[in-house]
Amino acid sequence: MAAVSEAATMLSSVPFFASLDGKRRKALASDGKELLYKAGDPVVGEGASGVGFYLILDGHVEVRKGNRILASLGKGEFFGEMSLIDDQPRSADVIAVTQARCWALSSWSFKALVKANPDIALVMLKELVKRLRAADSSLID
Ligand code: CMP
């Protein structure tokens, strides 16, 4: 794991954390850990219990259900929030499609972060609405 100050600097470049001041970002950075994946590595498995929230720092992942690709996600985007929000198993597989670097936060820290920062909850809600709209339109395509 990079030094905490380096991780805090990394997080400052991610729009998701734009609403946090430097001190809060530093505190948050020390709560998470950096994880590296090779292309083809599974990150999250459908049906598994959710233990972490992931923010992509570099690279790309695909969200897959069976042989359907639900979404491609890249730098600054997040995944793994659903099972932490509703305490249900992971809804889909997430696979690294390039070398990927993620910043991962435990379920407990994720919940504390969202409870303490309504701006972050709002950014997340907007993204969830965007994903729901995309899923709705794929039903009629
Ligand atoms: P979770 O269910 O915890 O683990 C799989 C993750 O894939 C899920 O959280 C979301 O972050 C992501 N995911 C599931 N369905 C979609 C979708 N339709 N579009 C984008 N991301 C999704």
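The model is a predicted one, in which local features need pLDDT of at least 70, side-chain atom pairs count only at pLDDT 80 or more, and totals for chains, interfaces and linings use all residues. Residues are numbered from 1 along each chain as its sequence is written, and side-chain values use heavy atoms, with hydrogens and water left out.

E3 and E6 (residues 78-79) run antiparallel and are joined by two bridges; strands pair if DSSP finds at least two bridges between them. Strands are DSSP runs of at least two residues and helices (H or I) of at least four, numbered from the N terminus. With strand E8 (residues 100-106), E3 forms six bridges, also in the antiparallel sense. Here Phe 53 lies opposite Leu 105.

Of the seven residues of E3 (residues 52-58), six are buried, so the strand is largely enclosed by the rest of the structure. Buried means under 20% relative accessible area with a 1.4 Å probe, protein chains only.

## The largest pocket

The volume of the largest pocket is about 750 Å³, taken as the space filled by probe spheres set on the grid points. A pocket is an open set of points on a 1 Å grid where a 1.4 Å probe fits, with protein on both sides within 12 Å along at least five of seven lines; lining residues have an atom within 4 Å of a point.

The lining has 27 residues, with Val 63, Leu 70, Ala 71, Met 82 and Arg 131 nearest the centre. Two or more residues each come from strands E4 (61-65) and E5 (68-73) and helices H3 (81-86) and H5 (118-140). H5 gives the most, nine.

Methods:
Buried < 20%, exposed > 50% of the residue type's maximum accessible area, 1.4 Å probe, protein only.
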